[in-house]
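Please look over the sequence and the model shown here before reading on. The paragraphs after it are meant to be read with the structure open.

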Amino acid sequence: PAPFRQPSNPLQQLAPLGSARRADCTSLTAMAPAPTEEVLPVPEVPPAAKRPRKAKPLAPGAFGMDFRGGCGCCGSVWCSDVAKPSLAADGSSWQKCRPEVLKLRERVVADRRHFHQHPEVAFEEFETSKYCAERLRELGLDVTEGLAPGTGVVAVLRGGGGEGPCIALRADMDALPIQEEAAEGEERLPFASARPGVMHACGHDAHMATMLCVAEVLSSTAFRSRLRGTVKFIFQPAEENGNEEHPHGGAHEMIHKARVLDGVDAIYGMHVWSFAPVGVVGATPGCVMAACDSLEIDIEGRGGHGAAPQGTADAVLVMGHLITALHSIVSRSQDPTSSVVLTVGSASAGEAPNVIAARAKLRATVRCLDAASQAIMKRRIAEVCTGVGATFGAKVHLKYVEEAPNVVNDAEATQHVKEAAASVVSPDGLQNITTMASEDFAFFLEASKSFPGVSVSGVKGCFFFVGAAPKTEKAGNRPHHNPAFTVDEDAMLIGASVFVQLVENRLCGGVGGGQP
């Protein structure tokens, strides 16, 4: 028999089988080899290179395009096959991203990938803030950097159309102490974090790139000459974490020490959202994000030999019972209709398998949507710590910190965002989104005035969400703070378009123009 030839395209091997499926039984019989013929085994096809999953049908309100010029075979920006042609950036009939934004898409993507590749954690955003400040100065804005708590940046754009209100737009800059990883079956992003143990796993890289795009559009002569009022761009450090010196994080510091809200009439912020597809904008009045409390629990027991536990107070055993008891508070002490989350995210104790640990440490977070639930959590956590410690003869020391209040959107400001978003996304793309996640953007808003430690009141404002789940995957497949987290870069263009439209409506005589 003739020697077997490997086709140049491995998928061509399936062609005879596909033909056979379409043939009748007689054809199949005719195609079968004679019993006396020698049938050579089909050689193994080399395993395919790791690639992203194929695109799935788009969810309602999702984009059917790729602004990024992504891979032509799968539409993915992280596909490694650079030889494939790019997808067109034509869009569908309802996609109305601002043309000024679309012209900057390559710069937006480049900025985001730069930030992603060079992440810096809270209070250490030195190169990040320098990059932002330099870009903003290039646009001719009045820039102040090094603001409290040390890496904050503010840029002011004064309109040429006359007097008017001051609107602030905020972006956060810090990354997380997470080691970036490729998702299962995929290759590492070509612009993955170059800093071990640090990555942008929450989308702050996209927030900064989006805001730089907005600043560039609004600072153009065409816009600046029409603006009646002022736009203040706030690039805030340390959204993710506080520390001993700054327990409430970066927003609290910039408001109270740098006084960034002085003269501001309204403020708006955005968060890319991996739990919604591209094309969704979530703007909801009222409480949209939970208050955030943190707790550290230090367990002081009595160590000893692993083979002689008598007379000891095992800190590991106490820690285990504490974890179980703490998680029972939500299910047994809270009203089932309330929204409360407790998560123990860190537990450490012991150094050797044959040593009973004398000390252990737990770190946890508590999220609540109302003050009553928050008060119950604070009281019951203290009671559980005291009770478990007494049960096992150990001392349990609790440090409970109220880090950030609820994010409560002003109804009028939220309506402003909805009006702007309605000109960018389809009608079914406008949604209400509420989450148990927390954000120190809350300090910028009026509702924070009753929070402990707040002496400078916030202003009217709205914090909204922009769907950013990769189009090749199901929304929520890469949640925030996941080592394989990434965003669909089209989301930045939607977010930037909403911001630009919002400012035009408010300061250029559009919908409700001249009012914050």
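What follows goes from a sheet and its helices to a pocket and then to some single residues.

This is a predicted model, in which local features need pLDDT of at least 70 and side-chain atom pairs count only at pLDDT 80 or more, while totals for chains, interfaces and linings use all residues. Residues are numbered from 1 along each chain as its sequence is written, and side-chain values use heavy atoms, with hydrogens and water left out.

Four strands form an open sheet in the order β10-β12-β8-β13, with antiparallel pairing. Because β10 and β13 stand at the edges with a single partner strand each, one side of each is left without a neighbour in the sheet. Neighbouring strands are turned against each other by 15 degrees on average, direction ignored. Strands here are DSSP runs of E with at least two residues, and helices are runs of H or I with at least four, numbered from the N terminus; two strands pair if DSSP finds at least two bridges between them. β8 and β13 are joined in the antiparallel sense over nine bridges, and Ser294 has Val401 in β13 as its bridge partner.

Two helices lie across β8, β10, β12 and β13: α9 (residues 315–333) runs at about 170 degrees to β10, and α10 (residues 371–392) runs at about 165 degrees to β13. Contact means heavy atoms within 4.5 Å, and the angles, from 0 to 180 degrees, are taken between N-to-C directions of axes that are lines fitted to C-alpha atoms, for helices over the stretch in contact.

The largest pocket has a volume of about 1,400 Å³. Of the 42 residues that line this pocket, Glu240, Asn241, Thr365, Arg367 and Glu403 are the closest to its centre. The elements giving two or more residues to the lining are β5 (266–277), β8 (291–300), β10 (340–349), β12 (359–368) and β13 (395–404). A pocket is an open set of points on a 1 Å grid over the protein atoms alone, where a 1.4 Å probe fits, with protein on both sides within 12 Å along at least five of seven lines, and lining residues have an atom within 4 Å of a point; the points are joined across faces, edges and corners, and the volume is the space filled by probe spheres set on them.

Some loop residues also deserve a look. The peptide bond from Ala148 to Pro149 is cis, with omega near 10 degrees, and Pro149 is found in the loop between β1 (142–147) and β2 (152–158). Ala238, although not a glycine, has a positive phi of about 55 degrees.
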